[in-house]
Amino acid sequence: MIHLAGPYLLAAVLAGLGTYGVLARRNAVLVLIGVELVLNAATLLLVSVGASGGDRWAAGNVLTLFVITIAAAEVCVALAVVLAVHRLRGDIDLDRGRDLDRDLDRDLDQDLDRARP
């Protein structure tokens, strides 16, 4: 049986780095990497707790599979959105997210003006 201080410390470091990445970065891909670090910290905690206790149902391992599945789906959807934004604007800076809404409204207004007789 391993001592749990190591995995708990590693999970805390991963969660801290991930939180910093989400809060401090403006690049969408780096924010996604931060979210993945937080999810990996949660996974490490679930596996550690599952391995330390005498859980009859192996809930830590089962929940880890759910977290991995959700993380994979989240990355697929988020990367698709990032790719679509990059094709539309040419960059993936999150500070310009409000500009995207204005650009879409302006394009819609131009399309409506062209459609009017």
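Reader: Let's start here: is threonine 43 buried or exposed, and what makes it so?

Author: Threonine 43 has a relative accessible area of 12%. Buried means under 20%, exposed means over 50%, and partly exposed is in between (1.4 Å probe, protein chains only). So threonine 43 is called buried. One caution: this is a predicted model, where local features need pLDDT of at least 70, side-chain atom pairs count only at pLDDT 80 or more, and totals for chains, interfaces and linings use all residues. Residues are numbered from 1 along each chain as its sequence is written, and side-chain values use heavy atoms, with hydrogens and water left out.

Reader: Where does threonine 43 lie, and which residues is it in contact with?

Author: Threonine 43 sits in helix H2; helices here are DSSP runs (H or I, at least four residues), numbered from the N terminus. Setting aside neighbours within four places in sequence, threonine 43 is in contact with Thr64 and Val67. Contact means heavy atoms within 4.5 Å. As for arginine 26, its C-alpha is 25 Å from that of threonine 43, though the two are 17 residues apart in sequence.

Reader: What makes H2 roughly antiparallel to H3?

Author: Some background: two packed helices are described by the angle between their axes and the distance between the axes. H2 and H3 pack at about 175°, and their axes are 9 Å apart. Axes are lines fitted to C-alpha atoms, for helices over the stretch in contact, and angles run from 0 to 180 degrees between N-to-C directions. Angles under 35 degrees count as roughly parallel, over 145 as roughly antiparallel, 65 to 115 as roughly perpendicular and the rest as oblique. So H2 is roughly antiparallel to H3.

Reader: Which kinds of residues make up the contact of H2 with H3?

Author: In H2, the residues that meet H3 include Leu32, Glu36 and Thr43, and those in H3 include Thr64, Glu74 and Val82. The residues of this contact divide into 14 nonpolar, four polar and two charged. Nonpolar covers Ala, Val, Leu, Ile, Met, Phe, Trp, Tyr, Cys and Pro; Asp, Glu, Lys and Arg are charged; the others, Gly among them, are polar.

Reader: Is valine 82 buried or exposed, and how do you know?

Author: Valine 82, found in helix H3, has 14% relative accessibility, so it counts as buried. Not counting residues up to four places away in sequence, valine 82 touches Ala28, Val29, Leu32 and Ile92. Valine 82 and alanine 28 are 54 residues apart in sequence, yet 6.9 Å apart in space, C-alpha to C-alpha.

Reader: And why is valine 22 called partly exposed?

Author: Its relative accessibility is 29%, so valine 22 counts as partly exposed. Valine 22 is in helix H1 and touches Val31, Gly34 and Val35, leaving out residues up to four places away in sequence.

Reader: What about valine 77: buried or exposed?

Author: Valine 77 has a relative accessible area of 54%, so it is exposed. This residue is found in helix H3 (residues 59-89). Its C-alpha is 17 Å from that of valine 22 and 14 Å from that of valine 31.

Reader: How do you know how H1 and H2 run relative to each other?

Author: The axes of H1 (residues 5-24) and H2 (residues 28-52) come within 7 Å and cross at roughly 160°. H1 and H2 are therefore roughly antiparallel to each other. Among the residues making the contact are Leu14 and Val22 of H1, plus Val31 and Leu44 of H2. The residues of that contact divide into 17 nonpolar, six polar and no charged.

Note on methods. Helix = DSSP H or I, 4+ residues; strand = E, 2+ residues; numbered from the N terminus.
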